[in-house]
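Here is a walk through one protein model, written for someone meeting it for the first time. Have a look at the sequence and the structure, then read on.

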Amino acid sequence: MLPVENPMSSSHTRAVALFALGFRQFCTGSLLLPLFGILTCFITAYIFQPDDIHETHCRVYNIIPSISAITGVSPQRYLWRICVAFHIAPRLLIAHVYYAHYNSIIMQRPQSERSHLSKHLRFCFWLSMVEIGTLCGVTYVSNRENYPLHEKIFIGFMISSLTYMLALIRLIRAIRPDMTPNEFNSFRIKKALFAVSIVSTVGLIVFFLKHRLLCHDMAFSWFAFCEYVVASCNMAYHFTAILDFPNENLIVGSGFNVQLSSDPIVEELPTVRQKTD
C-alpha cells in the first residue's frame with residue numbers, strides 16, 4: 001500500500017501509513033488456513049491414498065480417517081504444516097490483541113475487582129499460548145513418526161483448548177455484563193461451541209477406548225467424526241474474533257497519535273445485558 005497522509009494527525013507531524021489492513025480481514029485469512037488445509041488433505045488423501053489413511057492397528061472396517069491420518073501422509077503433511085506455519089504467527093498476535101482489549105475493560109472495573117480479573121485474564125492468555133504451542137506440536141510431530149509423543153501432545157492440546165474456551169467465557173461474563181450486539185452474538189456463539197466441544201470430546205474418548213480396547217467395527221470412524229467436530233468448533237470459536245473486533249485495523253506507519261489500551265476510554269454504544277442464570 002502506498003504511503004498516505006492522515007488528515008486527523010497533528011499539524012506538526014505528518015502521519016504516514018505504510019501498510020493498513022482491517023483486523024477482521026486479517027483474522028478471516030489467518031483463521032481459515034487450517035480449514036483449507038484439513039479439507040484439502042481430506043479430499044486428496046481420501047481419493048488417492050485410501051489404504052494409507054484407513055489403516056489402524058485393529059485392522060477393522062473404517063470409513064472416516066482421523067485428522068492425524070490425513071495430515072500424516074505425504075504430500076499432505078507438507079501442505080498441512082505450511083498452513084499451520086502461516087496460521088501460528090497471526091494467532092499469537094490475535095492472542096495479544098485479546099489480552100490488551102480485555103485488560104482495558106478490566107481497568108475500568110472497580111479497584112477491588114481488578115486484581116482477581118487480571119489474574120483470570122493472564123490465565124486465559126497463557127492457556128492460549130499453550131494451545132498454540134501444542135497445535136505446533138501435533139502438527140510437526142506426526143503420529144507416523146512418533147506416536148507416543150504425538151498422542152501426549154494431542155491430549156495437551158485438547159485440555160488447553162477446552163479449558164481456554166471455558167475460562168474465556170467466564171471472563172467475558174464477569175467483565176461485560178452489558179455487551180454490544182456484536183459482543184453478545186460472539187458470546188452466545190462461544191457458549192454453544194464450547195457445549196458442542198464438550199459433548200464431542202466425551203464421544204471421542206468413548207469411541208477411542210472402544211477402538212483401542214475392543215476393536216469394534218466403525219468405532220474409529222466415530223472417533224474421527226468426533227475429532228472433526230471438535231476441530232471445527234475450535235476453529236469457529238477463534239473465528240468469533242471477527243465479531244469481537246469488527247472495525248479495528250492493523251497499521252504500520254509513523255506520526256500517529258496512539259491511544260494505549262490501558263488508558264480507559266468510555267464509548268457509548270448500544271448494549272445488550274446478559275441474563276443472569
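## Salt bridges

At 29% relative accessibility, E113 counts as partly exposed, where buried means under 20% relative accessible area, exposed means over 50% and partly exposed is whatever falls in between (1.4 Å probe, protein chains only). Before going further, note that this is a predicted model, in which local features need pLDDT of at least 70 and side-chain atom pairs count only at pLDDT 80 or more, while totals for chains, interfaces and linings use all residues. Residues are numbered from 1 along each chain as its sequence is written, and side-chain values use heavy atoms, with hydrogens and water left out.

Back to E113: its side chain meets that of R109 in a salt bridge. That term stands for a side-chain nitrogen of Lys or Arg within 4 Å of a carboxyl oxygen of Asp or Glu. The count for the model comes to five salt bridges, and the table shows some of them.

| Pair | N to O distance |
|---|---|
| E113 and R109 | 3.1 Å |
| E183 and R176 | 2.6 Å |
| K190 and D244 | 2.9 Å |

The pair of K190 and D244 links distant parts of the chain: K190 is in helix α7 (residues 181–214) and D244 in helix α9 (residues 241–244), 54 residues apart. K190 counts as buried because its relative accessibility is 1%, and D244 is buried too, at 11%. As for E183, its relative accessible area is 14%, so this residue is buried.

## The overall layout

What does the secondary structure come to? The protein has nine helices and five strands, and along the sequence they follow the pattern β-β-α-α-α-α-α-α-β-α-α-α-β-β. Here helices (H or I, at least four residues) and strands (E, at least two) are DSSP runs, numbered from the N terminus.

Of the 277 residues, 43% count as buried. The protein exposes about 15300 Å², and carbon and sulfur atoms supply 65% of that. These areas come from the Shrake-Rupley method with a 1.4 Å probe; for residues, only the protein chains shown count as cover.

UniProt, in an unreviewed entry, places the feature "transmembrane region" at residues 31–48, 78–100, 121–141, 153–172 and 192–209. Its positions are given in the numbering used here, feature names are shortened, and annotations may be inferred rather than shown by experiment. In the model, residues 78–100 are 100% helix and 0% strand, with end C-alpha atoms 34 Å apart. Residues 192–209 are also 100% helix and 0% strand, and there the end C-alpha atoms lie 26 Å apart.

## Cysteines without a bond

A disulfide is a covalent bond between the sulfur atoms of two cysteines. With the cut-off set at a pair of cysteine sulfur atoms within 2.5 Å, how many disulfides does a search of the whole structure find? The search finds zero.

C83 counts as buried at 4% relative accessibility, and C226 is buried at 9%. C41, found in helix α1 (residues 23–48), is buried because its relative accessibility is 0%. Leaving aside neighbours within four places in sequence, C41 is in contact with Y46, I70, T71, Q76, L79 and W80. The C-alpha atoms of C41 and I67 are separated by 8.8 Å, though these residues are 26 apart along the chain.

G72 sits in the loop between α3 and α4 (76–106), and it is buried, with a relative accessible area of 1%. Not counting residues up to four places away in sequence, G72 touches R77, S142, N143 and R144. S161 belongs to helix α6 (residues 147–175) and is buried at 5% relative accessibility.

Is Y61 buried or exposed? Y61, in the loop between α2 (50–54) and α3 (67–70), is exposed because its relative accessible area is 54%. Y61 is one of the members of a nonpolar surface patch, together with L32, L35, L39, I43, Y46, I47, F48 and I63, and the patch has about 890 Å² of accessible area. Patches are made of residues with over 30% relative accessible area and no salt bridge, with like charges joined within 9 Å and nonpolar side chains (Val, Leu, Ile, Met, Phe, Trp, Tyr) within 5 Å.

Conventions: Contact means heavy atoms within 4.5 Å. A disulfide is a pair of cysteine sulfur atoms within 2.5 Å.
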